[in-house]
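Keep the viewer open as you read.

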Amino acid sequence: MKRSEINNIITEAKKFFNKHNFILPPFGYWNLNDWKQKNKDNIDEIIDRSLGWDITDFGYNNFWETGICVFTIRNGNQENIKKGSGKTYAEKLFFLEVDQKVPSHTHYVKIEDVINRGGGLLGVELFNSKEDGTPDHSSNVILSKDGEKVEFSPGEHFYLKPGESITLVPGVYHKFWGSSEKVLVGEVSLANDDVNDNVFVEEVGRFPEIEEDEDPTHLLITDYDSFL
Ligand SMILES: [Fe+2]
């Protein structure tokens, strides 16, 4: 992806989050200079736990069709999960345009609540996993939707309205897209490990290669190593 495209996407995201009165933590607005003025030792939680902007087109080169712009607000780590103490949780915010999709995937460890926080409808498609870990096209998915047990046919399309959420347990394949208008989506989950805990149905690129055609207005989580 080109840096200019990433800068534009972040501008769109900030505008949309603002419109819904969702204010990011301070590091969401830091420019390169702000980052460089920080003592790195004091911000290792941000860097090590990959907090901040995370944009990908999953390698399809068409972000507005298949892509996601996420802001990770908080995140624990895997050691805390093993210990069962400390910060074991995570929170993310993202948005999806109409018909922009996140490809079907599941997680080995992470349980996540996906929440429609406002705007349009959030389209969802789910499958259970078979024993070999691939999607099961024959069994219904039973899950908690805002505390209520609900059942969906495999691959059925359903829509979460603003305020609604579902709980996705490990092994449930999920695909999302924006429907009717741009949608603001929240995720509250077990600590997140995007390098090791994602299983996509199709092979995708999780983090993009970036062509530096202009300066970054904000850093992505994948920029921390090279810019700081
Ligand atoms: Fe997920």
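Predicted model: local features only at pLDDT ≥ 70, side-chain atom pairs only at ≥ 80, totals over all residues.

Residues are numbered from 1 along each chain as its sequence is written.

Now the overall build. The protein has five helices and twelve strands, where helices (H or I, at least four residues) and strands (E, at least two) are DSSP runs numbered from the N terminus. Its radius of gyration is 17 Å, which agrees with the value near 17 Å for a compact globule of 228 residues; this is taken over C-alpha atoms, and the globule rule is 2.2 Å times the number of residues to the power 0.38.

What sits inside? The largest nonpolar core has 38 residues, and Ile9, Trp53, Cys69, Phe94, Phe95, Leu96 and Val185 touch the most other members. Helix 1 (3-19) supplies at least two residues of this core, and so does each of several strands, including strand 3 (89-96) and strand 11 (173-190). Such a core is a set of buried Ala, Val, Leu, Ile, Met, Phe, Trp, Tyr and Cys residues joined through C-beta atoms within 7 Å.

Let's look at helix 1. Ile6, Ile9, Ile10, Ala13 and Phe17 are its buried residues. They lie on the same side of helix 1 because they cover an arc of only 100° around the axis, the arc being that of the directions from the helix axis to the C-beta atoms. The buried residues pack against strand 1, strand 2 and strand 3, while the face turned away carries the exposed Thr11, Lys15, Asn18 and Lys19. After helix 1 comes Asn21, with a positive phi near 55°.

Finally, turn to Phe95, in strand 3. Phe95 is buried, with 26 other C-beta atoms within 10 Å. Leaving out residues up to four places away in sequence, Phe95 touches Ala13, Phe16, Cys69, Lys182, Val183, Leu184 and Val185; contact here has C-beta atoms, placed from the backbone, within 7 Å. Phe95 and Val183 are 88 residues apart along the chain, yet their C-alpha atoms are separated by 5.5 Å.

Conventions. Buried ≥ 20, exposed ≤ 12 C-beta atoms within 10 Å, placed from the backbone. Contact = placed C-beta atoms within 7 Å.
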